[in-house]
Amino acid sequence: MKKFRKVLDGLTTSSPVNPGGSPACGSAAGTPSATPTPRELEIHETLMSEHFQICKTVRHGFPYQPTALAFDPVQKILAIGTRSGGVRLLGRPGVDCHCQHESGAAVLQLQFLINEGALVTACADDTLHLWNLRQRRPAILHSLKFNRERITFCHLPFQSKWLYVGTERGNTHIVNIESFVLSGYVIMWNKAIELSTKTHPGPVVHLSDSPKDEGKLLIGFESGTIVMWDLRVKRADFRIYYDEAIHSVSWHHEGRQFMCSHSDGSLSMWNMRNTAKPFQVTFPHGKTQRDGRKESCKPILKVEYKTSRNSSEAFVVFSGGLSYDKAGRRPTLTIMHGKAITVLEMDYPIVDFMVLCDTPYLNEVQEPYAVVVLLEKDFVVVDLTQSNFPIFENPYPMDVHESPVTCTAYFADCPPDIIPVLYSIGAKHKKTGYSHKEWPVSGGTWTVGSQTYPEIIVTGHADGSIKFWDATAITLQMLYKLKTSKVFENPKSGDVGRSGELVEEDPYAVQMISWCPQSRIFCVVGTSAHVILYRFSKHDANTTITSLEVRLQCEMEDVISPSDTENTPCYSDPSGLSPQPQPPSPRSNTPDSARDSISCLKVKDRMIRMPPGYQAELVVQLLWIDGEPPQQITSLDLNSAYGLLAVGNCNGLAVVDYLQKTILLCMNTLELYGSADPFQRLTRSPRKNRQSTSDFCMRGLSSFYSDSKKRIRTSYQSLTELSDNQVSLDLERSKSPTSAPYSPSLHNDPRGTGEPVSNLRSCHYSPVFYLLDNDHVNGHCTSPTSQPCPSGRARVPGGPEGPRLARRGPGRPPFRKAQSAACMEVSLPVSSLTEESRENSFSRSRSSSVSSIDRETKEAVTTLQFMESYGRKSDSLPTPCLWVGTSLGLVLIIPMSIPMDEQERQEDPVTVAPAGTVLMLKGSILRVSFLDCGGALIHSPYEVWRDQQAPADPDRPRKRKLVNFSPSSSQEASGDCHLAVVCSERQAKVFLMPTQACLYVHNITESSFVLRADVVSVCNSVGLACFCANGHIMTLSLPSLRPLLDVNYLPQTDMRIARTFCFTNGGQALYLCSPTEIQRITYSQEMCDNLQEMLGELFTPIETPEAQNRGFLKGFFGGNSQTFDREELFGEASAGKGSRSLAQHIPGQGGMEGMKAAAGGVVGELARARIALDERGQRLGELEERTALMMTSAETFSKHAHEMMLKCKDKKWYQF
């Protein structure tokens, strides 16, 4: 039983000493602060450290930078390898597994052990790995590291345990799959080619055994040399020397001919009877020129030659081969069937493709039914059974990155009716024209776990679109897509006044989202400083969109001087109310006055038909002021019960009544304090020429574009303007040795790898990024609410952004291409900062007030929270309040008076009066949440959803139904107080309201800063979850702030992860692990234990299909009667041992880990034994049936033979 001290209301009101309850110096974690005259509060905390464990659950989206493709035709499992060493295994919907090589080396090739539940991967570090797929989480069983030769190609024949490995030197080695050791049998390149050949044939690019004779191995070299090697006699049957380089080879199923693709865009056909020259050479896309020669074509990188029973014509499928005559052609896949040639254009370059066939046997008619095409950023499956070759509808969420992801939100335990409603609306807008056949990749088994609850993931994108995903039971399925750009008029290229000057590319990029699932009200913040409020309706509507324009500016030019101590007493002055602000008048004497009081985008002002779903109701836009663009929005909160919307940025705060469509409050941050301002703000001398800060104002997120010709050229700054000599206030306040100042020197190489965020200092305003390539950033990164570097704008020598920024005048807008969270990487050599630069920075920060005149520092609003709380110490009952957190670590409480009657709420005004109540923490405020005195989480009040567009029913009038979680209603004996949990970048505090006494304080981190903090429900209790810039994930108990978990989960944290990481209830979290993938994790021990049950099975026991019966006469007379025993040829007894210096065997941990994982889940050892027993019984039964069938067939044959003998017994020889 935990005991907490509680201060009686009113006892500390008259005490002037430390009313905030904050200790004079940083207190230890979970240490209660001294409070006068306490009485005991008993709160039973159930969360323990045993309840927490970090574990990855599932990865969604398209595999980033794919490199290889493989398919098991029996198990029907697909594998995709990536450049970062990842392997994605896909089966039926729900069967989705991600594996990762520890080395991180690119995957060059994948080979399934067909129907064996195993996979061989060949990586760029010249290592072969054998993965065990017979467990829900695959693991490596064996590894083989090549030391002296580089792997270029691998081939594993069907039902063989010997893997052929071709190398860059032209040699071919053979590996035993069971023991994963080299055989002594080696095909050296100088033995494969003729001795008279003077040049090296090049690397091995193809290996395959002949469908007619498994003892013959076809070796293709890059230079154009092809060798048919007889494995038994260890010599070449024939050699082909072709002029053009070879990219791939494909056999006809009869083994009498094969086809090669070449670098000149040609296909050559070779007959085994005459290998002197090809019997056919075609240029599928090459036209004959006037001189009779074929025009030059691009290489055909891969070809597959497949036969079909229903047609005498074979399928020839290849990629590439287009002519060079037209520039900018899209990548193509060509399907040739007889004389018909179909060219399929792809949106992205083709990485690999594979034709899916019914049989795994190469010597049978292949019967192709689909083509799997792996693109750089997409995954397509083409139906070959229909003449128009339609594509299959992809059941996997491969289009997460359709537009670059800029923000994410995760909602667990949603109302159960929200998912079916969103799906029914989104299903009406699905694309058509897909193949009607079932998805061909249908392997594995998956069932919904017993512990499931509705989960929704919301992603915002650079093109302004919003996607709602059903994330229930570790799956991901698209529910509904919303396009925010439809609210605005389309910018015209000739419109200089608005679109031409104010916005360029991607002005609708989503920066922030806020959603109330109960009331179904949805808010979107865009990069053009706009907020759109949506209501959900099942009916279409014809309506107009209300637009409100807000002037948020900081009129007072000030610098902020911290008081003598960081823990300044918190003031509560009820008399220090700020007057209601008056909107400042536009300055007509400025040269940029033409851009005063205009918005960045134009809202449609006509009647609009809105389909069912989310319908825009209100747009709030920040205006240009005196030629300066609006600062981007940094915080947002809405409350459906109050009907209010709060918006904050680095200039101030605005509160909007979206029911009455009015602006209630529009004040800069300084005016909110009144007389309770804890800082000394010194006025500065006015500037002679008020220059526009459009070159250094806040820029949104810059879009991730794959086109290599289009380089990202946008700078990013998320909270405030920049001036040339700004100094971090954090250096003055904390004097932390880890807060290293920024050095103006930058990497000259824009492709250098990014530094982790953990190496960067935490300040109070946002950084600048200069993006020079798709994934790399040179510039200064601090915390998401930090102050820019003292050197002002960064300079990139020779970079494309430098001259562009210099050319932009004061009138040029800051809104350029919105950068996705997927591409934000950090590259800052913090370690290279010299001691001299540190001293210079500190000396500037401690300079006199004369030199500080040129400094400009603004206080940004970083978090907003509506809640029933106490605005003043003297309040006896909770009232609606708005809690405002700032980048200087201050929390202001603004009480509001809201009419309760529905009609009065529509007519009477809402009163908002800042009370001057101030609480203080270290670092920028990130999260505010509330607990009752029993330790339970208090949810914000909300309005129950009602469809405002539904037909009116006179018998049942629609009225607002509010659900209120007031502290007074959630408690009985101690219903006059509640606890406020406030978390900043540095520490967390628990305050007792209304006394505002600090009960507990915990310093979360000193060497880093918190990026994301949330109060979450886990294990039927409440805790505080934090994600730090150094990659640590921490959980704290509430309200005692006792540390429960601290795991270094992500040692290398980049800005993509920092911007998209979010926690949710149930012990889950997610982040964007790559520009195209979402990684979900859990920090709950209970979910880790149940994860085995939730994951799908990759391997299911399936009998291998039998080979086709070749017929008695064909098998007896015309077939290949010579058996081929690979064990006899490649085994140690005949071939000897392989060279130990050439390859090193590394045992894996997959076996033990797999057994432990299986034992830990529902399917343990007994289940595996039962499955094996059932398998064996099934096979015995099948064997018995086959035996009986053979006996019947033998009896029938004997009977027919006896009849034939009796018939021919008395005949003479000449009668035959």
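Analyst: Happy to! A disulfide is a covalent bond between the sulfur atoms of two cysteines. To be counted here, the two sulfurs must lie within 2.5 Å. Please keep in mind that this is a predicted model.

User: How many disulfides does the structure hold?

Analyst: There are zero disulfides. Take Cys-983: its closest cysteine sulfur belongs to Cys-1026 and is 4.2 Å away, too far for a bond. For Cys-1028 the closest cysteine sulfur is also in Cys-1026, at 6.3 Å, again too far for a bond.

User: Are Cys-983 and Cys-1028 buried or exposed?

Analyst: Cys-983 is buried, with 1% relative accessibility, and Cys-1028 is buried at 0%.

User: On to charges, then. How many salt bridges are found in the whole structure?

Analyst: The search finds 37 salt bridges. One of them pairs Glu-402 with Lys-467, whose closest N and O atoms are 2.8 Å apart. Glu-402 sits in the loop between β31 and β32 and Lys-467 in strand β34, so the pair ties together parts 65 residues apart in sequence. Glu-402 is partly exposed at 46%, whereas Lys-467 is buried at 1%.

User: Which residue forms a salt bridge with Glu-489?

Analyst: That is Arg-606, with closest N and O atoms 2.7 Å apart. This pair links distant parts of the chain, 117 residues apart, and both residues lie in loops. Glu-489 is partly exposed at 22%, and Arg-606 is partly exposed at 41%.

User: And which residues form a negative surface patch?

Analyst: Asp-901, Glu-904, Glu-907 and Asp-908 form one. Glu-904 belongs to helix α8 and is partly exposed, at 39%.

How values were computed: Residues numbered from 1 in each chain as written. Predicted model: local features only at pLDDT ≥ 70, side-chain atom pairs only at ≥ 80, totals over all residues. Heavy atoms only, no water. Buried < 20%, exposed > 50% of the residue type's maximum accessible area, 1.4 Å probe, protein only. Patch = residues over 30% accessible without salt bridge, like charges linked within 9 Å, V, L, I, M, F, W, Y side chains within 5 Å. Areas by Shrake-Rupley, 256 points an atom, 1.4 Å probe, with all protein chains shown as cover. Salt bridge = Lys/Arg side-chain N within 4 Å of Asp/Glu carboxyl O. Lys, Arg positive; Asp, Glu negative; His and termini not counted. Charge placed at Lys NZ, Arg CZ, Asp CG, Glu CD. Helix = DSSP H or I, 4+ residues; strand = E, 2+ residues; numbered from the N terminus.
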